[in-house]
Amino acid sequence: MKIAILGFGTVGSGVYEIAKTLKNIEVKKVLEKDLSKINIATNNYDEIINDKEIELVVECMGGLHPAYEFIMKAIQNKKSVVSANKAVIAKYLDEFLKTSKENNVEFRFEASVGGGIPCLVGIQKIRRVENIDKFYGIFNGTSNFILDNMYRLENEFFTSLKTAQKLGYAEADPSADIDGYDVTNKVIISFALAYDGFIKNEFACFTMKNITKEDILYFKKQGFVAKYIGEATTKSNEYEASVMLNLFPINALEANVLSNYNIVTVQSHTMGEVKFYGQGAGKLPTANAIIQDILDIQAKISFNPISIEKKYTYSSNLFKHKYVIRSNEELKGNFEIIDRDRDNFYHYTKEITQADLLKLVEEKDYLVVKLNEY
């Protein structure tokens, strides 16, 4: 199979590197502004679109535009597409699937969630047998690196963030990772495969940048570790989802996921909890997932046909959970416990809905953490 790669950065070059070791995949063109990077580079996308030998396009550009236009143009020209771009997939998945079906080609995106971890195909395999009760997990390696660094080395948030940036785990603008946009996109994509529906980013998303070293040390004394979690579940035609800091007991698997690793848990009736663990990003793990999609398309392997026709309505009243709200003043409300540590007040709620939680915090700059007992 002859393919083209759009973008020759970290992931694109990784795909090329692995493809060179395989006899049944040939990279014929690479779309790249810097033509000196590789001898098969072109800066003219029409050269790829008009090349009838190229059967598949790998999109490794990132961002919404021109990634969206390039993906659509490839599909409309009867070329299958494999993408790791969670932002564009979370926004336009319905269009990509509809157009690929109309043109009798494939659109695959395993690498968009969990990097090299085969969690999306795992969801598909479980889903073809039974309904999924819920999924949750550490979907973002940068946020996990920061929290792990704060916990083990007792560093401040921004010190840990700078370390992550120096090591290449965090971008110069880290907002996608620390404000939850990246995890939100991955929840949307995972939801599509788990529940056959396409939701928008209308659910609760709390930034993680409000957590301090004092918070980490306080929770450590209580026997908890903070992790940044995305999750979703459904009830009939309603769904509830969130992206927020969660507290796990120190013996929980999630509490012991170190550095930039990810873990995604899928819960169903006969399987119980299945956990997918590994490197959630990185050049070769992500490229490996892309290559797996290419080989599946070539071999016409489909684990469960993707349908996102089911309609869901977001509800913040479906389930009740316990939360911890930290502020520098004592809040009014019906809390189970209010604990003071130095200048901080930690308010432990009873089991309340997301709607109740949102009323309590009213978009103020409090630290909000879900209390988990998984």
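A residue is called buried when its relative accessible area is under 20%, exposed when that value is over 50%, and partly exposed in between. The exercises below apply this cut-off to a predicted model.

**Exercise 1. Decide whether Ile 25 is buried or exposed, and describe where this residue sits.**

Step 1. The relative accessible area of Ile 25 is 5%, and because the limit for a buried residue is under 20%, Ile 25 counts as buried.

Step 2. In the chain, Ile 25 belongs to the loop that runs between α1 (10-19) and β2 (26-31).

Step 3. Once neighbours within four places in sequence are left aside, the contacts of Ile 25 are Met 1, Ile 3, Ala 19, Ile 291, Ile 294 and Leu 295.

Step 4. For a sense of distance, take Gln 267, which is 242 residues away from Ile 25 along the chain; the C-alpha atoms of the two are separated by 36 Å.

**Exercise 2. Work out which class of accessibility applies to Thr 42, and which side chain makes a polar contact with the side chain of Thr 42.**

Step 1. Thr 42 is part of strand β3, which covers residues 41-42.

Step 2. The relative accessibility of Thr 42 is 3%, and therefore this threonine counts as buried.

Step 3. Not counting residues up to four places away in sequence, Thr 42 touches Lys 29, Val 30, Leu 31, Glu 32, Leu 35, Glu 47 and Ile 48.

Step 4. Glu 47 is one of these residues, and its side chain is joined to that of Thr 42 by a polar contact of 3.2 Å.

**Exercise 3. Classify Glu 202 by its relative accessible area, and find which residues are in contact with Glu 202 beyond its neighbours in sequence.**

Step 1. Glu 202 is found in the loop between α9 (181-195) and β8 (204-205).

Step 2. Its relative accessible area is 45%, so Glu 202 is partly exposed.

Step 3. With neighbours within four places in sequence left aside, Glu 202 is in contact with Tyr 239 and Tyr 314; the side chain of Tyr 239 also makes a polar contact of 3.0 Å with the side chain of Glu 202.

Step 4. Lys 350 lies 148 residues from Glu 202 along the chain, and the C-alpha atoms of the pair are separated by 25 Å.

**Exercise 4. Locate the cis peptide bond that joins His 65 and Pro 66, and the positive phi values of Asp 196 and Arg 342.**

Step 1. Most residues other than glycine have a negative phi, and most peptide bonds are trans.

Step 2. The bond between His 65 and Pro 66 is cis, with an omega of about 10°, and Pro 66 is placed in the loop between β4 (54-59) and α3 (67-76).

Step 3. Asp 196, which is not a glycine, has a positive phi near 60° and lies in the loop between α9 and β8.

Step 4. Arg 342, also not a glycine, has a positive phi of about 60°; this arginine lies in the loop between β15 (337-341) and β16 (344-348), and its relative accessible area of 61% explains why Arg 342 is classed as exposed.

**Exercise 5. State what the radius of gyration of the protein is, and describe the chain as a whole.**

Step 1. A compact globule of 374 residues would have a radius of gyration near 21 Å, and the protein has 22 Å, which agrees.

Step 2. The C-alpha trace spans about 65 × 45 × 30 Å along its principal axes, and the protein has 12 helices and 17 strands.

Step 3. Buried residues make up 57% of the 374 residues. Among contacts with a separation of 6 or more, 70% are between residues 24 or more positions apart.

Step 4. The protein exposes about 16,900 Å², of which carbon and sulfur atoms supply 47%.

Conventions:
Residues are numbered from 1 along each chain as its sequence is written. This is a predicted model: local features need pLDDT of at least 70, side-chain atom pairs count only at pLDDT 80 or more; totals for chains, interfaces and linings use all residues. Side-chain values use heavy atoms; hydrogens and water are left out. Helices (H or I, at least four residues) and strands (E, at least two) are DSSP runs, numbered from the N terminus. Buried means under 20% relative accessible area, exposed over 50%, partly exposed in between (1.4 Å probe, protein chains only). A polar contact is a pair of N or O atoms within 3.5 Å; within protein, one must be able to donate a hydrogen and the other to accept it, and residues adjacent in sequence count only if both atoms are side-chain atoms. Contact means heavy atoms within 4.5 Å. The radius of gyration is taken over C-alpha atoms; the globule rule is 2.2 Å times the number of residues to the power 0.38. Accessible areas come from the Shrake-Rupley method with a 1.4 Å probe; for residues, only the protein chains shown count as cover.
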